[in-house]
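This report describes a single protein chain for a reader who is new to structural analysis. Please keep the sequence and the structure in view while reading.

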Amino acid sequence: MAGPEWQSLEQCLEKHLPPADLREVKRILYGKETRKLDLPSRAFEVASAADFELQGYAFEAAAEQLRRPRTVRVGLVQNRIPLPADAPVAEQVSALHRRIEAIVEVAAMCGVNIVCFQEAWTMPFAFCTREKLPWTEFAESAEDGPTTRFCQKLAKKHNMVIVSPILERDGAHGDVLWNTAVVISNSGAVLGKTRKNHIPRVGDFNESTYYMEGNLGHPVFQTPFGRIAVNICYGRHHPLNWLLYSINGAEIIFNPSATIGALSESMWPIEARNAAIANHCFTCAINRVGKEYFPNEFTSGDGKKAHQDFGYFYGSSYVAAPDSSRTPGLSRNRDGLLVAELDLNLCRQVNDVWTFKMTGRYEMYARELAEAVKPNYRPNIVTE
């Protein structure tokens, strides 16, 4: 598997394919070409000085007679941890706050209305270790913890909705932990929170050692810029998880993640794009970057030698649209900000063409699923 030396699929294609072939390959891989955004030159200068990538693309909808365009700009942030995983907890959190603040400043220059960070963005993704301390010390209150207060200030300063995925400490319910995304309004108020519905038990992803499946269902948040939902990481492997957010009215579903190349990189370009198509909405897939090393060795339960790293987080964040188009991804090896301008009118326009929601047999699925979850269920298999 390629490591950090391999920058991106897009760079490889552009380097090796003749222009005519490249156009056809991109047509198949990315659908209708997205227009590059004319972002401020100052934004590129600041991003370059701060050593993070900046890209911008626009998705366009057809002009309508009765509805004006409903354009919104979203920002997807991917980053590595700036300090080693064994640095003091408070220092790591402060360093990440500073890094994200610098990237959000550029997002504001680019007119971003909604920004989303990666899963558990305030900490190393230490759930592979199965150790409790110091990793549980990164947990915070979703309502008034230091990271939420930090994001509230940023949101109010920049008139920007912020989706902040954190490790939550639920003080009202026995101090238990949750994998949570806090949604902060552009006014600076906490709009609400959502929790990770599906918890992996795959390889080094030992997350159920720390928290269990979320209990808040599939909330959708009404913002001045559109209706948004957050399908955290492993939930992207579950088509019904995307569906329920869509049924509840989501126009944009963010998928903040932390996933490694050896496990999921071949799935990554497919799942969020497929969800956008199937649910007539925009999806935003975000992944962290780099390799994180931990002080103590741990095993994966596969008979292989103990190791001190999780694997390579391959970035490659992208946005997908309901018409099957998508942006190129950010790089596999750099911090980055992807800005995408979405015309939300495209959701209903594609719905009118493909009619997946009209032709979906939800009542039939609901009836059969209700039977399938019963202890005495017998599969409907016809035999001779």
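A polar contact is a pair of N or O atoms within 3.5 Å; within protein, one atom must be able to donate a hydrogen and the other to accept it, and residues adjacent in sequence count only if both atoms are side-chain atoms. The model is predicted, so local features need pLDDT of at least 70 and side-chain atom pairs count only at pLDDT 80 or more, while totals for chains, interfaces and linings use all residues. Residues are numbered from 1 along each chain as its sequence is written, and side-chain values use heavy atoms, with hydrogens and water left out.

Asn241 lies in helix H6 (residues 239-247); helices (H or I, at least four residues) and strands (E, at least two) are DSSP runs, numbered from the N terminus. Asn241 is buried, with a relative accessible area of 4%; buried means under 20% relative accessible area, exposed over 50%, and partly exposed in between (1.4 Å probe, protein chains only). Asn186 sits in the loop between strand E6 (176-184) and strand E7 (190-195). With a relative accessibility of 14%, Asn186 also counts as buried.

| Side chain | Partner side chain | Distance |
|---|---|---|
| Asn241 | Asn197 | 3.2 Å |
| Asn241 | His218 | 2.7 Å |
| Asn186 | Asn159 | 2.7 Å |
| Asn186 | Ser185 | 3.2 Å |

Two strands pair if DSSP finds at least two bridges between them. Strand E11 (residues 226-230) pairs with E12 in the parallel sense over three bridges, and Phe254 is the bridge partner of Val230. E12 is also joined to strand E13 (residues 282-287), in parallel, by six bridges; there, Ile253 stands opposite Thr283.

**The nonpolar core**

In soluble globular proteins, nonpolar side chains tend to be buried together. A nonpolar core is a set of buried Ala, Val, Leu, Ile, Met, Phe, Trp, Tyr and Cys residues joined through side-chain atoms within 4.5 Å. The largest such core has 32 residues, and those with the most contacts inside it include Ile252, Phe254 and Phe282. Apart from it lies another core, of 31 residues, among them Ala47 and Val115.
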